[in-house]
Amino acid sequence: MTIRDSPLNFETLREFVLMFNLIFPPLCHACERILTQGEKGICANCRHELPQTNYHLQNPNPIELHFFGRIAIARATSFLKFEPNNRVQHLLHELKYHGQQSIGTMIGRWFGSILKESRFFGHVDMVIPVPISAKRIRERGYNQVAYFAVALADEFGCECSMDILQKSKEVKSQVTLTAEERTKVLSDTFSAKSNNPLKAKSNLLLVDDLITTGATLEACTNTLHSAGYHNVNLATIAATISS
Ligand SMILES: [Zn+2]
C-alpha cells in the first residue's frame, strides 16, 4: 500500500490541517488576534507597534548605564520595552511557559538583523544563552533562551555555545535581597569552562529573555570573566530598564 492509497493520505492530511486551522486558527503570540494569511507568529499590527527600545542607537544607553560601575561589559542592549500587561509580557510568557520556542527564533532573526546592520556589537565570535539548570530543563523541556541565541548566532554567522556556561541549581526567589546579595547568591550557581588562551580576545554575546535587576546577567558575566573570557556583550529580548 502506498501513502496515496493509505487512509491518511496527503489530501486527507491537508484537509485535516485546514479543518484544524478553522477550529483553532493560529493566533498572534503578542495580542492573540487571529493571524491572516502570510502573517507568521505575530500580526502585522504588532510587528509595527511592539515597543522597541532602539537602545542600539544610544551610546551609552540605559542598559549600559545600569551596569556602569558594577561589571565591565563591552556593549549591552535590549530589543523591547517590558511593562506589566503589555504585549511584550504576553510574548515572553508564551515563549517561556507555553512551549512557543518559535517566538525565540522569530525575535532572534528580527533583532539580529537590526544589530548586524547597525554594527552595534561589531564582530561577534560566539553567542551564549543564559543557562537554566538540568532540573528546570527536565520540568520545562527546553531553555527558553536557546532558540533566540541560535537565531542571533545565525544572523551574526558565528557559533552558539550551549555548554561553556552552566547552571548547577535553581535558587529560590530573592526579592528580599539587595542587588549585591542577589548577584553573590547567583554567582555560586553558575560555572564556566576555562577559556583556551587563544580565544582570550573572543567577543562573546551573552543573551537572556528579560533583564530586570540585571543580577543574573551580572553573575554570568562575572563567571565568564573568571574563566578567562574578557570581552562580554549583553543582549536581551526585553527590559524593564528605561531611560
Ligand atoms: Zn498582534
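Let me start at the end of the helix: α5 is followed by Arg 119, whose phi is positive, near 55 degrees, where helices are DSSP runs of H or I of at least four residues, strands are runs of E of at least two, and both are numbered from the N terminus. Please keep in mind that this is a predicted model, in which local features need pLDDT of at least 70 and side-chain atom pairs count only at pLDDT 80 or more, while totals for chains, interfaces and linings use all residues. Residues are numbered from 1 along each chain as its sequence is written.

Helix α5 itself covers residues 102-118, and its 17 residues reach 24 Å from the first C-alpha to the last, close to the 24 Å expected, that is, 1.5 Å times one less than the number of residues. Its buried residues include Ile 103, Met 106, Phe 111 and Leu 115, buried meaning that 20 or more other C-beta atoms, placed from the backbone, lie within 10 Å of the residue's own. The buried residues of α5 pack against β1, α4, α7 and β7.

Turning to α7, its axis and that of α5 come within 7 Å and cross at roughly 35 degrees, with axes fitted to C-alpha atoms over the stretch in contact and angles running from 0 to 180 degrees between N-to-C directions. Among the residues making this contact are Gly 104, Gly 108 and Gly 112 of α5 and Ala 151 of α7, contact meaning C-beta atoms, placed from the backbone, within 7 Å.

Note on methods. Buried ≥ 20, exposed ≤ 12 C-beta atoms within 10 Å, placed from the backbone. Contact = placed C-beta atoms within 7 Å.
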